[in-house]
Amino acid sequence: MLIKRRIAQISGHLDYPLLALLFTLMLLSLFVQYSASNESMPHLLMHSGNMLFALVLLVIVANVSPPYLMAIALPVYVAGIVLLVGVALFGDVVNGSRRWLNLGIMRIQPSEIMKLGVPLMLAWLFHTWGSTLKPRHYAIAGGLLLLPVALVARQPDLGTALLIAASGFYVLFFAGLPWKVMFGFILAGSASAPLVWHFMHDYQKKRILTLLDPGRDPLGAGYHIIQSSIAIGSGGVFGKGWLQGTQSHLDFLPEHTTDFIFAVFGEEFGLLGAILLIAIYLAIILRGLSIAAHAPNQFARLLSGSLVLAFFTYVMVNIGMVSGILPVVGVPLPMMSYGGTAMTIVMIGFGIIMSLKTHRTLIKS
Amino acid sequence: MKSRISIRTYHEELSGFTQRAWVAAILVGLAFTILLARLVYLQIWRYDYFHTLAENNRITVVPVAPNRGIILDSHGDVLAHNYAAYTLELTPGKIHDLNTTIDQLATLVEISPANRRNFFKLLQQSHNFETLPLRNRLTDAEVARVAANRYRLPGVEVKARLFRQYPHQTEAAHLLGYIGRMSDADIRQLESEGRYDNYRGTDHIGKTGIEQSFENQLRGTPGSDLVETDAQGHAVRTLAHRDPVSGDDLVLWLDARMQAIAEQAFGDHKGALVALDPRTGGILALVSMPEFDPNLFVDGIDTSDWDSLNNSPDHPLINRALRAAYPEGSTIKPFMALAGLHDGVRTPTDTIADPGYFRFPGSSHRYRDWAPNGHGMVDMHRSIVVSCDTYYYHLANDLGIDRMHDYLSQFGFGHKTGIDLSGEVAGVLPSRAWKARFSKQPWFPGETVICGIGQGYNLTTPLQLAMATAALANGGKLLRPELVKTVIDSATGKRTSIAPDVIRTIDLPPEQRQVIVDAMIDVTRPGGTAVSAFAGAPYTVAAKTGTAQVVGLRQNEKYNASHMEADHRDHAVFIAFAPADNPKIAVAVLVENGGHGGTAAGPIARAVMDYYLLGKLPKPATTPAATTGNTANAD
């Protein structure tokens, strides 16, 4: 009886429309991962394990009450900054960038923590500042946002830096950052593009150039984009069929279980499959925005709103990259790509959203 | 806007958020619309393009080389064929350090320094990311060892390939020629002719001889395998297969046994022999001595082998039968006599008194006969039998060089025969017009006189001489020398015989011809210059001996072979056909520095004819028949 009540209590903190959409994504990802891994069962089991682990975390986080989330916002942020500084000083260099911190028992990538830490911190701040916002509040928030972004960008990991910047920016956006300030930044950003270009690393410049003309280096920088465009394009309207994708099965497509999983999907399931997938992502995002709009207080609104838009950003950046309209940035496709960390972060995010939705009666503005 | 920064209520805050959430939703919708537009562009608008690219990625057409046609002699003896063997091949583009890889391989299979040298030579010449052979003819054990270690040798492959082989080795090498690796020049040539597609899957092409001139028949058409490959280029499965069409087989007129007998008969001598069937123009034997082994060239000749062949003073690579021209010497005399009859300058019975020399009126210069005291009274018959020089000095003087030229060119002198072998030279049949082309000096009568005994400007290849002899034998049909008797279509087995090619019919009245043939028969009989060579032959032979001077002698100098450098000795020349009344074979023989035609070149012709007409094989114990002509006592 007690167990039954306990289960009811736990499951009461889940949002079933969102969960159903996430399950659909997971189901699709099982199919496409099986195909992309050349029908490898061990790979599929690993992927399932990752999903199960992330799911458990989602359920746990969904049952954490918002005041607790508010309470940990500052410690998480500070810990994240400390770890990022630690990375900058003592981090392991992998593939030419310093991203990993060896803590003795495990290696962690502190930038991943900040994907959640930054929105958590900023949402809590704006919540505490209340409804009377002065320019200095935005300035402080902006400063707290730029600090981790700069640390991550220095690693260098421009992709993750931009994602962290985006998730923090969304908080400011929802908190009411004036339009003219935003437009001002957009104009200033465009104007300073040549300057940014000047400070970019060669490999980053190369990626931009490759986006504009993949044919300039077909076996080098352009190879990924050319092969994924071929994979998607050759899928046509109906796709080649499950397990029939030649680009992935014959290894022409690089990273086909991770960053380029969408190309496998597009090749095997065609335009119709891609529309279905994007529709599911859209439904998740709209459901998330709806939850945010109906949230009882500013913290819940800002946090859930920014997490949802961060999710959108992952999807957009990944599919945009794979289909050749955005530069190659190492961003996995949420829920579809193989890899435990990214999936766990995304699922914790949805856990937070569910918590914020289902604990509405317990907190007061 | 400003109001938002000032005091706001919960509801204001909420409505502000809702407004921004709507903006976010619209932006998300827009962004996804852009994604969809991109996907529609890729998957509908440019579907055909990307579909083709994906198929090109996936499918590789692997050419399958055809079997090259085999070459047989007239009895079906194989002269050139193919055998399958394993080769060790490297793809330089996939190997970081070639020397290390080769060192590793050397622990598994035997790799000689020559193998390495050849490999790096090929590497310099190679034009794309092709595989290059390191070693041929791996044994089964070697194949197994390489296969077992393949995982640690990327870019190393064992391939089964067809190899060309010439089982008779040096025999008829000049006639067969050889195949070799295609050079960049070959490829450019094929591309310009639009035939390069036909060479996919192989890298060999006929370089010389029949292998070169019958390349198109021998080559065949490549087939193809449609193979699905992965990104590393490994074949995953075969999707479709088209069989190659083997090249046509060639049956030659050549008789390999006769060829062997003739070559053996030359012994250590340099020279050439051509034996024709006067009825068809078929080449029964074509010898050029010394020879070389065409097998050396098939997989790229080793530098040291090449140097020894190419730098040899004996020039073994030159096909003397058609690329070297010599003075005919006295073998021109039967044709000169015919010219005299034809132009009405001589009758068979016209007789001269031979004092042993010819002299222009009012000149003291003597054109000497080989017999210092002369031959006495000489008519046309006797002039051939004893090879009287004085008779032909007179005849040449009476005919004049231009009439000689016009008549002799009927027999093909001075013109290429048109044989299907490259590099043939035309030789020289002099005339006033010919001399005017390179000299300001007029034609001198003395030049005509020595041309009359085949010692002037005249130069003739052994092949031309054989062709002219065959025309005399068959009654006046000048036939183009033919190499190939029958072409066998490998697909249908259909045999196509090649018809004789009559270049022209010479105006040769039978009674005039008979005078000459009778005289040539007596050349091989007692009193003739070739009596020793054909003593006891059970068939009648019409022949003429000749000696081609290599160096001129001063006025009163006597030729004495034993006092001369070996390579200044006269060339021995010999022409013959038999049986005289129904000729089946016509032969021209030239032995360089052999001395007298009857003794040095005649026995070679005898060996060939004995075999051809009697089926007689030479006695294995006897030494080769040719001996140095150290006695130039009869010409």
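Colleague: In which loop of chain B does B:P290 lie?
Modeller: In this predicted model, a cis peptide bond joins B:M289 and B:P290, with omega about -5°. As for B:P290, its place is the loop between β12 and α12 (295-298) of chain B.

Colleague: Where in chain B is B:P579, and what is omega for the peptide bond from B:A578 to B:P579?
Modeller: B:P579 sits in the loop between β22 and β23 of chain B. The bond from B:A578 to B:P579 is cis. Its omega is near -15°.

Colleague: Which strands are the edge strands of the open sheet in chain B?
Modeller: The sheet has 5 strands in the order β12-β11-β23-β22-β21 (chain B), and the pairing is antiparallel. An edge strand pairs on one side only. That applies to β12 (283-289) and β21 (542-548) of chain B.

Colleague: How many bridges pair β11 with β12 in chain B?
Modeller: Strand β11 covers residues 271-276 of chain B.

Colleague: Which helix of chain B lies across β11, β22 and β23?
Modeller: Among these strands, β22 spans residues 571-578 and β23 spans residues 585-591. The helix runs at about 150° to β23(B). It consists of residues 462-473 of chain B and is α21.

Colleague: Which residue of β18(B) stands opposite B:L250, and which residue of β19(B) stands opposite B:V487?
Modeller: Strand β10 (residues 249-252) and strand β18 (residues 484-488) of chain B pair in the antiparallel sense over 4 bridges. In that pairing B:L250 stands opposite B:V487. β18(B) is also joined by 3 bridges to β19 (residues 495-497) of chain B, again antiparallel. There B:V487 stands opposite B:T496.

Colleague: Which residue in the turn between β18(B) and β19(B) has a positive phi?
Modeller: The two strands form a hairpin, and 6 residues lie between them. The phi in question is about 75° and belongs to B:G493.

Colleague: Why are α14(A) and α15(A) roughly antiparallel to each other?
Modeller: Helix α14 (residues 298-322) and helix α15 (residues 340-358) of chain A have axes that come within 10 Å. Angles over 145 degrees count as roughly antiparallel. The axes cross at roughly 150°, so the two helices are roughly antiparallel.

Colleague: Is the crossing of α14(A) and α15(A) left-handed or right-handed, and how many charged residues does the contact have?
Modeller: The crossing is left-handed. The residues that meet include A:L303, A:L307 and A:F311 in α14(A), and A:V346, A:I352 and A:L356 in α15(A). By class the contact has 9 nonpolar and 2 polar residues, and the number of charged residues is none.

Colleague: What percentage of the residues in chain A are buried?
Modeller: Chain A has 15 helices and 3 strands. Of its 365 residues, the buried part is 47%.

Colleague: Which helix of chain B gives the most to the side that touches chain A?
Modeller: In total, 38 residues of chain B are in contact with 45 residues of chain A. α1 (2-5), α2 (10-45) and α3 (47-58) of chain B each supply at least two residues of that side of chain B. The side divides into 24 nonpolar, 6 polar and 8 charged residues. With 20 residues, the helix that gives the most is α2(B).

Technical notes
Residues numbered from 1 in each chain as written. Chains lettered and ligands numbered in written order. Predicted model: local features only at pLDDT ≥ 70, side-chain atom pairs only at ≥ 80, totals over all residues. Contact = placed C-beta atoms within 7 Å. Nonpolar A, V, L, I, M, F, W, Y, C, P; charged D, E, K, R; others polar. Pairing = 2+ DSSP bridges. Axes fitted to C-alpha atoms, helices over the stretch in contact; angles between N-to-C directions. Parallel < 35°, antiparallel > 145°, perpendicular 65-115°, else oblique. Left-handed = near helix turned anticlockwise from the far one by under 90°. Buried ≥ 20, exposed ≤ 12 C-beta atoms within 10 Å, placed from the backbone.
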